[in-house]
Amino acid sequence: MNTTVALPSKRFHFGFWTTVFGLVFVPFCFVTVLRFYKGLGAVTHLSDKFPWGLWIGFDLLCGVGLAAGAFTLTAVVHLFNLKKFEPIVRPTILTGFLGYIFVITALMFDLGQPWRIWHAIVYWNPHSVMFEVAWCVMLYTTVLAVEFAPVVLERFGFHTPIKIIHAVITPLVILGVLLSTLHQSSLGTLYLIVPSKLHPLWYSQLLPLFFYISAIGAGIGMVILESYLSQRAFGRHLEMDLLEPLARAMVVALGIYGLMRLQSIHRNGAFGAITDFTYEGRMFLVEFVLGVVLPVALLSFRRLRTNPRWLVTGAFLAVLGFVVNRLNVSITGMEGAAGIRYVPALAEIIVSVGLVGIGMAAFALAVRYLKIFPERSPLGEGGAEGG
Amino acid sequence: MTVGLLFDATRCIGCGACASACKEQNKLPGPVEEETSAYTWTTVKPVGDIYSRRLCMHCLVPTCASVCPVGALHKTPEGPVIYAEDKCMGCRYCMMACPFDVPKYQWDKAVPIIGKCIMCTSRVKKGEPTACAAACPAEATIFGSRADLIREAKDRLRKNPTGYVDHLYGLTEAGGTSVLMLSNQLFEKLGLKANLPSEPPAMRTWQVLSNIPDFVAVWGVFLYGVHWITARREVVAAYEPPRQGPDIQDDSHMGRPS
């Protein structure tokens, strides 16, 4: 009686991706032990000159940002009432939830004393953006868990809690959108405090807004991308009728974002860095051409947008450009003031890749055993639990 | 009364007594290092024919204290910016945010904490000068109330205009600092940032954070309003005579041709 099914579980076999996962997982465990036994200095290239590296730039900033599809789609379905997108809400919420678990796990590596992470609940400092981020991540992860709970509960036949969640879905979704809005933007606010350090190509009083809008753009890109990946992995067909309008929304979000970025660079008088082709200028061009210009240009054409291959290419570019942007804000843009170049240590990369691998494995397992993806049967009724 | 330090680079003889005294006072392990670190809270380095001293500037509105999510850093009424190591969870936002790059980390420890000059809080509370000021044989670093130090510094600038760069570093930098500096070289050459705004950086994030309650109320009502309108539209549509269209029936998304 539901719109979704667990995918016909292909028998587990020892394939290419399992091997890759194994190859990453062994050094990952090794680095984990080393990091907690010897401290951050032993495994990272972090230093007094460069205290935040890959784990903040990629794991935290990108992990949260790319999970933005969850709040965007729940808002579209439950608040804007565009019910036709319902079938892809579940995989999106799952991605969001796993994304936040990924972020929190990465923080356990990055914090100097992660066993004190609960201090953020006890010792308050409302003047700190980090304090706000901590609370929002904590609360929103809880919201995502509740939004996803029906999928797990229905597997075990607990229908009463599902009814309760169904009854409060609207306030829950509103709470989720509020929290997401706050901390997607507050990741940008984190960098408002360094006007004398962050390069003018990236520093702006509007950083919170930039982070928010670009997260919506890239979050939608992720929804398209993950539909494609699961289609490949599980032999499903692509929901083009749903993804095509999403791509249009992504073009609008990225277009607005791109325009605002250019205005802010103009106001900072930083175009010189681009025309002089400096290190920062080049990195900006990579980010901007990949993440904004190309996806907007490509997906503005209906013919390309309705072609699965181009659609996925555009979404992939948007996500890639988003990642480069977050790395630019957190690393490239800060290197000038630090006076050194930061290149992540192999161990840092192993941890990030390992965590992404674990997240993907968790997604694959969830898809195998829970009803995540839509079934194209005419029997179902709208599973309005929000998936 | 808030206290502070005045460092006059033209008087410093580079003996390093301040750095050694600091190590002793704060029981910091190891020898005095080239650069400040978690174990060396102040350094003296030759820059051309003068010496540059680095230490925590003890901002009047400290950026580190504003960014710390657990409030492990705070400005005491006497002037020092101090650190509660038992609260710190090691996010290192203070290091990232400090306009003077002062807080340093114990990268070599499995249970690390931040290290930075705390202006000998325990001595200052008793009314004694800091260890570095007490140890300085050349009166290059002097201790006193911030107001007195500003008066003294301006006096030196007025009496000897050719002997100094006409700027009292720390008077307005990042909103003003309790540690003040005089020099006959450009302050950039001493390794100090010259591009610091006179508004405390903490105000920039507070402008955003202080608006959050208002924002939550407005955005929450807006979102609920959107839901109310769209849901109502659906109810109304259900009463209207059926017509062909994709968005009317709740279950219409099933098996609908694309």
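**Exercise 1.** Which domains does the domain assignment of chain B give?

Solution. The model is a predicted one. In chain B, the assignment places domain 1 at 3-199 and domain 2 at 211-253. As a next step, take the C-alpha centres: those of domain 1 of chain B and domain 2 of chain B are 58 Å apart.

**Exercise 2.** Describe the secondary structure and overall dimensions of chain A, and decide how its radius of gyration stands against the globule rule.

Solution. Start with the elements: chain A has 16 helices and two strands. The radius of gyration of chain A is 21 Å, and the globule rule for 387 residues gives 21 Å, so chain A is as compact as a globular protein of that length. Along the principal axes, the C-alpha atoms of chain A fill a box of roughly 65 × 50 × 45 Å. Next comes burial: 52% of the 387 residues of chain A count as buried.

**Exercise 3.** Compare the end-to-end distance of helix α3 of chain A with that of a straight helix, then determine how many of the residues of α3(A) are buried.

Solution. Helix α3 of chain A covers residues 54-66, which is 13 residues. At 1.5 Å a residue a straight helix would reach 18 Å, but the end C-alpha atoms of α3(A) are only 16 Å apart. For burial, the count is 13 of the 13 residues of α3(A), so this helix is largely enclosed by the rest of the structure.

**Exercise 4.** Identify the residues with the most contacts inside the largest nonpolar core, and trace the surroundings of the one in chain A.

Solution. The largest nonpolar core has 186 residues, and Ile224(A) and Cys94(B) have the most contacts inside it. Helix α10 of chain A, residues 207-234, supplies the largest share of this core, with 14 residues. Now set aside the neighbours of Ile224(A) within four places in sequence: the contacts of Ile224(A) are then Leu243(A), Leu246(A), Ala247(A), Leu311(A), Val312(A) and Ala315(A).

**Exercise 5.** Characterise the side of chain A that touches chain B by its elements and its residue classes.

Solution. First, the counts: 58 residues of chain A are in contact with 55 residues of chain B. Elements of chain A giving two or more residues to this side include α1 (16-38), α7 (129-155) and α11 (240-267). The most comes from α9(A), with seven residues. By class, the residues on the side of chain A that touches chain B are 30 nonpolar, 18 polar and ten charged.

Key:
Residues numbered from 1 in each chain as written. Chains lettered and ligands numbered in written order. Predicted model: local features only at pLDDT ≥ 70, side-chain atom pairs only at ≥ 80, totals over all residues. Domains from an automatic or database assignment. Core = buried A, V, L, I, M, F, W, Y, C linked by C-beta atoms within 7 Å. Buried ≥ 20, exposed ≤ 12 C-beta atoms within 10 Å, placed from the backbone. Helix = DSSP H or I, 4+ residues; strand = E, 2+ residues; numbered from the N terminus. Contact = placed C-beta atoms within 7 Å. Nonpolar A, V, L, I, M, F, W, Y, C, P; charged D, E, K, R; others polar. Rg over C-alpha atoms; globule rule 2.2 N^0.38 Å. Expected span 1.5 Å × (residues − 1).
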